[in-house]
Amino acid sequence: MFIKINIFINSYYTLIIDLVDKAVVAFSGGLDTTVVVKYLQEKYNLDVITVTIDVGQNENYEKIKAKAISLGVKNHYTINCKEEFVKNFIFPSIKANSLYQKKYCLATALARPLIANKLTNIAKKENANFVAHGCSGKGNDQVRFDIALQSESSLSIIAPIRDLNLNREKEIDFAKKHGVEIEKIAKKFSIDQNLWGRSIEGGSLEDPYNEPGDEVFSWVTKCFPDRPTYIEIEFENGIPVSVNNQFRNEPIQLIEYINEKAGSHGIGIVDHIEDRIIGMKSREIYENPAAVCLIDAHFDLEKMVQTSHEIRFKSAVDEEWSRLVYSGLWNDPLRKDLDMFINSTQRNVTGLVKIKMYKGNLRVVGRKCENSLYNKDMITYGDNSVFDQTMSLGFIKLWGMQTTEANKLQKNV
């Protein structure tokens, strides 16, 4: 895409300057984004600037940069956003006990608005007219990226895989024709990962009856230790601040440590039939050991300090929060409103939760908290109980009054 500008120097000469438009691409170095770069260059005649956002993929970023340069991009940026990702996205999701459809920890969904924000910043810096991504027209990420990018700026969005109706076979053929090396695993599956989780889909997994093979997994092992492992997670106002009294003020290392420990015990695999934003059902495989541990521990601690009324209402709020984030509506005012309520509920969620991990099983086996509503002197069955059991008789009559009266009327009909 070229813009022609005619500058009249005098009546005899005209200087013609060709300005080539620029596109900023979210670049992972994988099949989709590699194909996108070449399409933007060849089909759209654009100069390409690539941006790799480090949200804990644990990749070789120098290798990704070298690959981008080999594709002929005009500039490449690598931005470390791990701490921002943890503090501004993962921690709020823990406070919201966020699990879409009670299964998915939202790892990919949480990262997309952050990546979109960084893309927009680079586009402004480079005076680019376009931003581009490698999402298909079938997945969720196109919705998440597009809405986040539209919320951030008025830049035009290009999605070649969606816009040109490409499939995976066409992408691989296109890459081969251009001499682009594709990893073996990328030929089999579509994979996305960050600090909070790893998602795998496509290939043989598209048959929901096929059990995932060992080659699918990277974080979770099937070779379990012979002895259980215990970890103690400390929370302050709903945020994990240490594990086994380590990694205080080191949130990235805290999550990495739990990922490693829980993954070594086979914890964190989710095999899920999921309702995508655009309506179709998909089969998704997730690895998220730390997310499983931290969300389970956090919810357990909430039950210690919140009333039953708070727990019931917050569960509905948590579900809506998860739905909004999954659906690409991170920037919607409702999500921010829900955050205000959720943050208010976390004022007493401070304490210690002990987790036991053994051969694929995870259990909370202990918890303690200064703000606990659990009263041992009241609940005990010993002779030192302070609860007067005779009070229960009147309560039961009042509690069941309408139920018993309704049943009497039904018997008389």
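In the predicted model, Lys314 and Asp318 form a salt bridge in which the closest N and O atoms lie 2.9 Å apart. Both residues belong to helix H11 (residues 308-326), where a spacing of four residues separates them by about one helical turn. Lys314 is buried, its relative accessible area being 1%, and Asp318 is likewise classed as buried, with a relative accessible area of 7%.

The salt bridge between Arg162 and Asp146, with the closest N and O atoms 3.0 Å apart, links distant parts of the chain, since Arg162 lies in helix H6 (residues 160-163) and Asp146 in helix H5 (residues 141-152), 16 residues apart. Asp146 has a relative accessible area of 13% and is therefore buried, the limit for this class being under 20%, whereas Arg162, with a relative accessible area of 24%, is partly exposed.

Beyond these pairs, a network of salt bridges links Arg112, Asp141, Arg144 and Asp192. Over the whole structure, the search finds 23 salt bridges.

Methods. Residues are numbered from 1 along each chain as its sequence is written. This is a predicted model: local features need pLDDT of at least 70, side-chain atom pairs count only at pLDDT 80 or more; totals for chains, interfaces and linings use all residues. Side-chain values use heavy atoms; hydrogens and water are left out. A salt bridge is a side-chain nitrogen of Lys or Arg within 4 Å of a carboxyl oxygen of Asp or Glu. Helices (H or I, at least four residues) and strands (E, at least two) are DSSP runs, numbered from the N terminus. Buried means under 20% relative accessible area, exposed over 50%, partly exposed in between (1.4 Å probe, protein chains only).
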